[in-house]
Amino acid sequence: MSPFLLTLRLAAVTTAWLLVLGTPLAWWLSRTRTRWKAPLEAVVALPLVLPPTVLGFYLLLALAPQGPVGRTWAALGGEPLVFSFAGLVVGSVLYSLPFVVQPLQASFETIGRAPLEAAATLGAGPLDRFWSVALPLARRGALTAAVLGFAHTVGEFGVVLMLGGNIPGRTRVVSIAIYNRVEALDYAAAHRLSLLLVGLSFATLLVVYGTGRGLRWRASR
Amino acid sequence: MGTCARTGVRGTGLRAVLGVLVPVLALLASEAARAATVRVAAAASVEPALAEIGPAFERATGHRLEVIGGATGKLTTQVIQGAPFDVLLAADAEHPEILEKQGLAVAGSRVSYARGRLVLWSPHGGKNLGAGTLRAGRFAHLAIADPATAPYGAAAVAVLRELRVYDALAPKLVLGESVGQTFAFVKSGAAELGFVALSQVARESGGSRWLVPEELHPPLVHQAVLLSRAKDDAAALAFLRFLAGDGAKATLRRFGYSLP
């Protein structure tokens, strides 16, 4: 698979996982009153401030066959996670987590209690309230979350550099391919891939700004 | 009144900025005044030996040594792009030659300072590594350095081709961006084994190794070259002299290099 298609596939798979995992987490964070809320929010936001190399370094050690995660994974019969597409998905989910959880949480929070309490008095259970009231009201936040998660994963470099092993078709994503081409003085190929990325990024943002009021996290009403 | 208050805040801000800026600029000026620093771009494979040669050079001459490590090809690219290096310690002869041809290195300053050896290495002891290991292919990952930029990676590919196992093993190859990252991949256990430089594992007591016969790949002749910006730099010239001296040679030998 070409680096470009591989990048799109990684971003798509990562975004799907992030929406599945991030939505309940964001919902819970928006409702909870536990004193663990602040520490948990800080953990979710860590990838925003940490150098990706730090994340990549610890993932390399954790996912290695002798590492804590890698050993458990192998015991369950999984293929090695390091230097694999699956490993990149794990890394990308962590790396892009705040970009999905934060807009979702913000839009859940702006819904307020009133619509949910109204639904409850009409006899809707917790799950029904979430599916029929909260999620539709937070749809703009969900769109923002999906676009940001996707775009941030497309732009990923440091984590993949540490964890991927630069394998054509499996872990050589477009950002790594560009880096390789520049280092090998093949500027023509670097230009081709880079311009493709500029075009893709612009088109993505154009869709977002064109269809809605843009990437405004806290204005989902 | 509002304007007044804002001006006041701005005044304080300016003073704070100057308070930070002036010492920083002073520090930069003193940095520039300290002339005798040699900035050496060194192939990742040479870094372990350089970690010993460097302090010895500093003690002997009073100059300071700064080492920037990486794959030879990447360092060469950086020189072409104008990186402020004084000396390049390459892990091959091709890249110094390119720089000389482009006028970025001082003509006639190229010198072969060592010849390196390629090793197939695993951090686990008691393994009988050899060509048979590669033919059997009973491993998930074989780490090599990126052959496009790292001489030890190119040598590893040459060995795999010579043994006619390259196509079979290609799906298992993991590329480090330099032989330094390649060694880290193997040492951390992420890849079971890999082709690294003998100089990297010279100090490793454990693990298993196969010293790859030199007939299997083009010789890893390592050349040093004086870069054009350091043409008349006394400290850079002193470093190249020191590298050719007996002390540095003894260190290189201890790291497994053979000397020309």
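Guide: Two residues count as in contact if their C-beta atoms, placed from the backbone, lie within 7 Å. The model is predicted. By that contact criterion, 16 residues of chain A are in contact with 16 residues of chain B. On the chain A side, α3 (52-63) and α10 (174-183) each supply at least two of the touching residues. That side of chain A divides into eleven nonpolar residues, four polar and one charged.

Now the sheet itself. In chain B, five strands form an open sheet with mixed pairing, in the order β7-β6-β8-β5-β9. The edges belong to β7 (173-176) and β9 (208-211) of chain B. Each has a single partner strand, so one side of each is left without a neighbour in the sheet. Neighbouring strands of this sheet are turned by 30° against each other on average, direction ignored.

Take one pair within the sheet. β5 (residues 118-122) and β8 (residues 193-197) of chain B pair in the antiparallel sense, over four bridges. There, B:Val119 has B:Val196 in β8(B) as its bridge partner.

Helices come next. α6 (residues 151-162) of chain B lies across β5, β6 (142-145) and β8 of chain B. Helix α6 of chain B runs at about 130° to β6(B). Helix α8 (residues 179-187) of chain B also packs on the sheet. α8 of chain B touches β5, β6, β7 and β8 of chain B. The direction of α8 of chain B makes about 145° with that of β8(B).

Methods:
Residues are numbered from 1 along each chain as its sequence is written. Chains are lettered from A and ligands numbered from 1 in the order in which they are written. This is a predicted model: local features need pLDDT of at least 70, side-chain atom pairs count only at pLDDT 80 or more; totals for chains, interfaces and linings use all residues. Ala, Val, Leu, Ile, Met, Phe, Trp, Tyr, Cys and Pro count as nonpolar, Asp, Glu, Lys and Arg as charged, and the others, Gly among them, as polar. Two strands pair if DSSP finds at least two bridges between them. Axes are lines fitted to C-alpha atoms, for helices over the stretch in contact, and angles run from 0 to 180 degrees between N-to-C directions.
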